[in-house]
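Visitor: I would like to learn how to read sheets, salt bridges and backbone angles from a set of coordinates. Could you take me through one case?

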Amino acid sequence: MKKLMIGLLTAVTIVGMSAQAFAADDISRHKSNPANIISDTVPISNYAPKDVDINKVAICGKNIEIGRNGVSIYKGKIMVPLKFTAESLGFKVEPDKDNKVISLDNGTIKTNVYVGQDSYYYSSSKAIGLTMMHELGAEPIIEDNMVYVPINFYNFLFSDQKTVGSFFVRDKDGQWIYSANGELAVGWKLINNKWYFMNNNGIMQRGWVQTNGNWYYLLNNGEMAAGAVTPDGYKVDENGKWDGKPAATVVNKPEDADDIISPIERFDTIDEAQKALKFKITVPKELLGKYNIKYINTISRDLFQICYVNKQNDIIFRMGQGTYDISGDYNNYKINNTVSINGINVKVKGDDNLIKVAVWSVNNMSYSISLNDGMKQDDIINIVKSTF
């Protein structure tokens, strides 16, 4: 099952082609009346990503510098220099004379990596026995006289699928890619409540993109413009969709445009959303106050989310198939606890004695509750209980 894409519609981020290439078939090729742009939209700047830590990867909680060459993409896998990464993790790295077999040993586990062979194993440094040979989808390769291995080799080596972190990094051509715990992100990805789109090669896209006949504007940092006026004068709504009206500048139709399928569908009622999903929707029965529904939507018909709002708080409830964090909130919080509620482990995170997010899984379904202003832990626990 492909990974879910999760988050707030008000922060939906989609990325696509170059910013200079744009136009739907029905765009008028003349200057527009400024009155077509709603006065309360928020102007946005067109800025590029900051080149900070662009050649670092996160493994075992460490940010490891991998050098100017960056990562390499091979057979759909993120490949990293073996020597830089392994030595940073405490391994002694010893290649043979031909640089075709590389031995790793950190005093606890050891292994041999064979260039050209998609076959990996490890064993104890002190005891007899080794694991079964395991394929990772790409064999070690040599580039620029360096051995590269799939970064998810370390997930396998440490027997933990989260050994490799989630992060942006540049590839050897200077393009941005995203590691999702070692896997190359392709397609829609929600990162810190911002939507990004990576093409089939994992490259983060920018500019204008067409989606189901609609046009969206993507900033140079990869985020989709939402509820704003784009730098070239077009207005996009809170979901990022261009309103169809001409802008104050003349633009040309692109020679080609990827028809990327929009993952987001909005519904007026929960019953309507239910018809689009393969699982039964459950919503909180207790919200500790009077709330109105702000929006209801599904993402890729794999995930359901509903936003409740009052004067004090916005509450986002999500559910989807699988057993991983679907909150879309990857911020570091001072509070990071796990509490047991009716035998179910619920992770709660927040700051200043207020919980901002709660995530849990049960019966192969994942759930999350996010709050923009936070809530006392006892109160969020009561909301979680009301979903059982």
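Guide: What follows goes through the sheets, then a hairpin, the salt bridges, the cysteines and some backbone angles. Keep in mind that this is a predicted model.

Visitor: Let us begin with sheets. What order do the strands take in the open sheet of 4 strands?

Guide: Strands of a sheet pair through backbone hydrogen bonds, in either a parallel or an antiparallel manner. In this model the order is β4-β5-β11-β10, and the pairing is antiparallel. The edges are β4 (72-74) and β10 (141-143), each of which pairs on one side only. On average, neighbouring strands of this sheet are turned by 45° against each other, with direction ignored.

Visitor: How many bridges join β4 to β5?

Guide: There are 3 bridges between β4 and β5 (residues 77-81), and the two strands run antiparallel.

Visitor: Now a hairpin. How many residues lie between β15 and β16?

Guide: The hairpin of β15 and β16 has 2 residues between its strands. N192, in the turn, has a positive phi of about 50°. The strands, β15 and β16 (residues 194-198), run antiparallel and are joined by 5 bridges. G187 stands opposite M198 in β16.

Visitor: Is β15 (residues 187-191) largely enclosed or left open, and why?

Guide: To judge that, count the residues under 20% relative accessible area, which is the cut-off for buried. In β15, 5 of the 5 residues are buried, so the strand is largely enclosed by the rest of the structure.

Visitor: Salt bridges next. How many does the structure hold?

Guide: The cut-off is 4 Å between a side-chain nitrogen of Lys or Arg and a carboxyl oxygen of Asp or Glu. The structure holds 8 salt bridges. One of them links E87 with K83, where the closest N and O atoms are 2.7 Å apart.

Visitor: Why are E87 and K83 separated by about one helical turn?

Guide: Because E87 and K83 are 4 residues apart in helix α1 (residues 82-88), about one helical turn separates them. E87 is partly exposed at 38% relative accessibility, and K83 is partly exposed at 47%.

Visitor: How exposed are the partners when K92 and E94 meet in a salt bridge?

Guide: That pair has an N to O distance of 3.2 Å. K92 is exposed, its relative accessible area being 54%, while E94 counts as partly exposed at 41%.

Visitor: Which parts does the pair of K172 and E143 tie together?

Guide: The side chains of K172 and E143 meet in a salt bridge at 3.6 Å, N to O. K172 lies in the loop between β12 and β13 and E143 lies in strand β10, so this pair ties together parts that are 29 residues apart in sequence. K172 is partly exposed at 29% relative accessibility, and E143 is partly exposed with a relative accessible area of 22%. A network of salt bridges links E143, D144 and K172.

Visitor: What about cysteines: how many disulfides does the structure hold?

Guide: The test is whether two cysteine sulfur atoms lie within 2.5 Å. The structure holds 0 disulfides. C60 is partly exposed at 38% relative accessibility, whereas C307 is buried at 2%.

Visitor: Last, the backbone. Where is S159, with its positive phi, found?

Guide: S159 is in the loop between α2 (153-157) and β12 (167-170). Its phi is about 55°, although S159 is not a glycine. S159 counts as exposed, at 54% relative accessibility.

Visitor: And where is N181 found?

Guide: N181 is in the loop between β13 (176-180) and β14 (183-184). The phi of N181 is near 55°, a positive value in a residue other than glycine. At 26% relative accessibility, N181 is partly exposed.

Technical notes:
Residues are numbered from 1 along each chain as its sequence is written. This is a predicted model: local features need pLDDT of at least 70, side-chain atom pairs count only at pLDDT 80 or more; totals for chains, interfaces and linings use all residues. Side-chain values use heavy atoms; hydrogens and water are left out. Buried means under 20% relative accessible area, exposed over 50%, partly exposed in between (1.4 Å probe, protein chains only). Two strands pair if DSSP finds at least two bridges between them. Axes are lines fitted to C-alpha atoms, for helices over the stretch in contact, and angles run from 0 to 180 degrees between N-to-C directions.
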